[in-house]
Amino acid sequence: MEGTRRTTAADVGWHLNFWVAVILTFSIISVAIILYGISIGITNLTPYLFLIPIIFVAYRFPERGISFSLIVGILNMLLHYPFIAVLAEPYLIFVNSIVLVGAGVAISLLSGEVNKEKARYEAIFTTSQAGILLLEHPGLIISEVNSRLERMLAYRPGELQGAQLARIWKDTNEMKAFFSAIADVRSASDVETRFLRKNGDEIIVLLSVGSGYGKSVVLTVTDITARKIAEKEREQERLRSQTYLNTAGVMLFVVQANHTIALANRRADEVLGTSERMIIGYDWFSTFLPETIREEERRRFNSILTGKPVLNDSFEYPVITPHGERIIAGHFTALRDEGTLVTSVLYSADDVTEARRMQEEIRLSEANYRTLFEVGGAATAILTREGTLALINTRFERLSGYSKAEVEEQMGWQEFIRVRTGEPGEEEEAKTPDIHWPPETEAGRMPAMQPREYEVEFRVRDGTYRDVICWTSPIPGTDRYVASILDITSRKQAEDELRRSLQEKEVLLKEVHHRVKNNMQVISSLISLQADKITDPESLERLRESQNRIKSMALVHESLYQSENLASIDPAGYLRNLTSEVISSYSLETAITVDFNITVHSMDLDTALPCGLIVNELISNSLKHGFKGRTEGKIVIGLTMKDDEYVLSVRDDGCGLPADFDITILDSLGIKLINVLTRQMRGTIEIETGGPGGSFTFHIPRTAHT
């Protein structure tokens, strides 16, 4: 291994000329000695003399060793040929030639294999993505170091050779203890420690140690500083997310594809009657669901993972807790990765045990009193034409707070239903129900069986009012009416609470999109900062393309949280903003005009995001390749609906595409991304080539993501 030493072209030429001179010299000397030996009758010197140049050629030029051996064998026979008649044993000349050729072939093959191994190890040493250094043990002197480690620690080539390992190891005591611990085996892997850069900055590294040749030790060094920082940031983000989840008033937990719980908020801990430590990592179905429903719910979950449409995303079933079974109800949401594959399921639920118990009690109570009046479980009263309450049921007693003795034939309808008492425009006027007693008559006669429904306020004994629905209907053949009253106060309160809860969830969902957009902008900013440190134009171009892709995804989330409808976005505004962002990211001398022909007013996220990425790639390609040498150019972007598909088109008036252009065989990342996104949406591509300008048209089924 050459380590960090550099070999110049002059050095290579000098070594080559030296070896050629040595080989020629020994060859000439060998020929001269052999000719002299033949002249005095000595012929057994040949194998020994010619082996010297053969060995030199096989060592220095193994790829030419075999041919050189053949030449030497032929030369040996030619040198002896004129003297065959006078030689004692002429057949030995042929045997010696065969021996020379065989020896040369064997040495060349062995030397070639040795050189291959040497080249292989040198390539590993110099091109490894990890830092490699060789130490002289036990002095821990750095004998060789590769360029990757020099760059990692900001040292110049060769600067670390001959230095003590303590120069780059932050804690020398730790270093001594480490090598003392591995003194016998001289082997270790994935040991985390800290090294020092030349400027004194610390980096976190992973060390792997192995034995080298002799007493040397090989250290492989991997910089994990960025990974450690990222892990810390992910943990902080997880803690922040957990804090947000814990503020929710409902159960929130995530079940992974392997059926284990990956995340649970505080409300889930409370309902399940245990701690987060006893929830995370446990199988949801085996641990918390009764056996009677376990397999059915597991099959339903596995069906969700396949991405199939689910007709009903709600659920209600019992769960097992340390305090007995509880009933939870809610809905679930499939969580997808960037490739739209379902990786886990988010469950949002709450404990409805008490609510279901109360509902059951109401049902039983209604059954007990159903025989009193045919109307059933509502508060029911029989009224005279004048509005006197002639008969009430138990429900009415409960609702009003009065007993039957206090109400029947003693109190009138107007004492329970609010009537007009104030002047027009006063508060009481606004609360007066649109209900009259007695009801209107038709030609002086009571109308036929025509029930009427009112939503009014019902006054109870303590002077407060309850929200009720009242149905009134004449009793055929009498001058009386039946009024059934249903208390909907709790329902109204529940509706108000549900309305507030939905508003909170909408705000939360918008905040999620906002945060996703912000996170993507942070990533874009980090890429910009990284780009400032890069001078390679090709690397800068790749960073800018990645930054534009991130911006295109961020714009989708920005459009969603600004939209009233969180399920879809306005593609016209999104594509206009995206186009403006892409063009502004290029420093062009060409004035670009963009025309839009967009008739689609709403598009779901699963379709809008791939379309945005496709448009981003095509505009970038047009800007990079389509308008070179021009002062102005034009791009036309279209998005229409035709039958059951979207038609997305991107055209420019640039230099156009070659006639043999084939999008399926190009190795460009952008072209691969366009192909993958099109297949993901089950779409097709039409490309116009061979003419002025480039044109791409995509046919995307509207039902691809339903």
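1. A word on naming before we start: helices (H or I, at least four residues) and strands (E, at least two) are DSSP runs, numbered from the N terminus. Phi of Arg-682 is near 55 degrees, a positive value in a residue other than glycine. Arg-682 counts as exposed, at 60% relative accessibility; the scale used here calls a residue buried under 20% relative accessible area, exposed over 50% and partly exposed in between, with a 1.4 Å probe and protein chains only.

2. Please keep in mind that this is a predicted model, in which local features need pLDDT of at least 70 and side-chain atom pairs count only at pLDDT 80 or more, while totals for chains, interfaces and linings use all residues. Residues are numbered from 1 along each chain as its sequence is written, and side-chain values use heavy atoms, with hydrogens and water left out.

3. Now the overall picture. The protein chain has 19 helices and 22 strands, and 38% of its 706 residues count as buried. Taking contacts (heavy atoms within 4.5 Å) in the protein chain with a separation of 6 or more, 53% come from residues 24 or more positions apart.

4. Strands are said to pair if DSSP finds at least two bridges between them. S1 runs antiparallel to strand S5 (residues 216-223), with six bridges joining them, and Glu-136 stands opposite Ser-216 in S5. S1 also pairs with strand S2 (residues 141-145) in the antiparallel sense, over four bridges; here Glu-136 stands opposite Ile-141 in S2. S1 and S2 form a hairpin with four residues between them, and Leu-140 in the turn has a positive phi of about 55 degrees.

5. Next comes an open sheet of five strands with antiparallel pairing, in the order S7-S6-S10-S9-S8. Strand S7 (261-264) and strand S8 (314-321) stand at the edges with a single partner strand each, so one side of each is left without a neighbour in the sheet. The twist averages 30 degrees from one strand to the next; angles run from 0 to 180 degrees between N-to-C directions, and axes are lines fitted to C-alpha atoms, for helices over the stretch in contact. Strand S6 (residues 251-256) and strand S10 (residues 342-351) run antiparallel and are joined by six bridges, with Val-254 opposite Leu-346 in S10. Helix H10 (residues 291-305) packs on this sheet, touching S6, S8, strand S9 (324-336) and S10, and its direction makes about 130 degrees with that of S10.

6. Do look at His-259, in the loop between S6 and S7. His-259 is not a glycine, yet has a positive phi of about 75 degrees. His-259 is buried, with a relative accessible area of 12%.

7. Another open sheet has five strands in the order S17-S19-S20-S22-S21, with mixed pairing. Its edges are strand S17 (591-598) and strand S21 (684-688); each has a single partner strand, so one side of each is left without a neighbour in the sheet. Here the twist averages 10 degrees from one strand to the next. S21 and strand S22 (residues 695-701) pair in the antiparallel sense over five bridges, and Glu-686 stands opposite Thr-697 in S22.

8. Helices lie across this sheet too. Helix H17 (residues 571-584) lies across S17 and strand S19 (632-642), running at about 165 degrees to S17. Helix H19 (residues 669-680) lies across S21 and S22, at about 135 degrees to S21.

9. Finally, the helix pairs. The axes of helix H18 (residues 605-626) and H19 come within 10 Å and cross at roughly 155 degrees. That makes H18 roughly antiparallel to H19, a label given to angles over 145 degrees, with those under 35 roughly parallel, 65 to 115 roughly perpendicular and the rest oblique. Residues in this contact include Leu-613 and Ile-614 in H18 and Ile-671 and Leu-677 in H19. The axes of H17 and H18 also come within 10 Å, crossing at roughly 35 degrees. Among the residues that meet there are Tyr-574 and Leu-578 in H17, and Leu-609 and Val-615 in H18.
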